[in-house]
Amino acid sequence: MQAAIAVAISLHLLAGIFWAGTTFAVARTGGTGGMRLYRPQQWAAVIAVLAGAYLWSVLRPEGTTGIILGIGALCAIAAAGVQGAMAGRSIRAFRNGALSEEKAQEQVLVAQRIAALLLGATIVCMGIARYT
């Protein structure tokens, strides 16, 4: 059981760091690379959320810690949804010729900035929960 928890924590951290790091970088650099990083970010989001769900089910946080981690989890899921819906739709429209590259990159940037705020809130919640 301890090995499974260690693996889940490692996957959660590594996927989460990649996801948040690339989101912050794309949001800060004006959307540069946002379309190329879309799929890897979505895979990282899936891995981070699934590993987090596993950890939640095994460790069963309660009380204030559980509430704070729950808020953080909801923010992360919302970030994945924003990236998936907004950026994904823009990228598909660009690939189908319905949207110019400039407009698609602009819309991906908006999605990345919203997701960056939500992932920042997630990280803050994880830090606070550690000490509650």
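This is a walk through a predicted model, from the whole chain down to single residues. Local features are described where pLDDT is at least 70 and side-chain atom pairs where pLDDT is 80 or more, while totals for chains, interfaces and linings use all residues. Residues are numbered from 1 along each chain as its sequence is written, and side-chain values use heavy atoms, with hydrogens and water left out.

Let us start with the overall layout. The protein chain holds 4 helices and 0 strands, so its elements read α-α-α-α from the N terminus on, where helices (H or I, at least four residues) and strands (E, at least two) are DSSP runs numbered from the N terminus. Along its principal axes, the C-alpha trace spans about 50 × 25 × 20 Å. Of the 132 residues in the chain, 36% are buried; buried means under 20% relative accessible area, exposed means over 50%, and partly exposed lies in between, using a 1.4 Å probe and protein chains only. Take the contacts (heavy atoms within 4.5 Å) between residues at least 6 apart in sequence: 80% of them join residues at least 24 apart.

Which residues of helix 1 are buried? They are Ile5, Ala8, Ala15, Trp19, Ala20, Thr22, Thr23, Val26 and Ala27. An α-helix has 3.6 residues a turn, so residues three or four places apart point the same way. The buried residues of helix 1 pack against helix 2 (34-59), helix 3 (63-95) and helix 4 (101-130). After helix 1 comes Gly30, with a positive phi near 75°.

Now look at how helix 1 meets helix 2. The two pack at an angle of about 145°, with their axes 8 Å apart. Here the axes are lines fitted to C-alpha atoms, for helices over the stretch in contact, and angles run from 0 to 180 degrees between N-to-C directions. The residues of this contact divide into 20 nonpolar, 7 polar and no charged. In that count Ala, Val, Leu, Ile, Met, Phe, Trp, Tyr, Cys and Pro are nonpolar, Asp, Glu, Lys and Arg are charged, and the others, Gly among them, are polar.

Phe18 is found in helix 1 and counts as partly exposed because its relative accessibility is 33%. Not counting residues up to four places away in sequence, Phe18 touches Leu37, Pro40, Gln41 and Ala44. The C-alpha atoms of Phe18 and Gln41 are separated by 7.5 Å, although the two are 23 residues apart along the chain.

Thr23 also lies in helix 1 (residues 2-28). Is Thr23 buried or exposed? Thr23 is buried, because its relative accessible area is 0%. A polar atom of its side chain lies 2.7 Å from the backbone oxygen of Trp19, and a polar contact of 2.9 Å joins the side chains of Thr23 and Gln83. A polar contact is a pair of N or O atoms within 3.5 Å; within protein, one must be able to donate a hydrogen and the other to accept it, and residues adjacent in sequence count only if both atoms are side-chain atoms. Leaving aside neighbours within four places in sequence, Thr23 is in contact with Gln41, Gln83, Gln112, Ala115, Ala116 and Leu119.

Gln83 turns up again when we move to helix 2. Gln42 lies in that helix and is buried, because its relative accessible area is 18%. Leaving out residues up to four places away in sequence, Gln42 touches Ala80, Gln83 and Gly84. Val46 is found in helix 2 too, and at 40% relative accessibility Val46 counts as partly exposed.

Arg60 is exposed, with 58% relative accessibility, and has a positive phi of about 45° although it is not a glycine. Most residues other than glycine have a negative phi, and most peptide bonds are trans.

Our last stop is Ala87 in helix 3, which counts as buried at 1% relative accessibility. Not counting residues up to four places away in sequence, Ala87 touches Tyr38, Val82, Val108 and Ala111. Ala87 and Glu102 are 15 residues apart in sequence and 13 Å apart in space, C-alpha to C-alpha.
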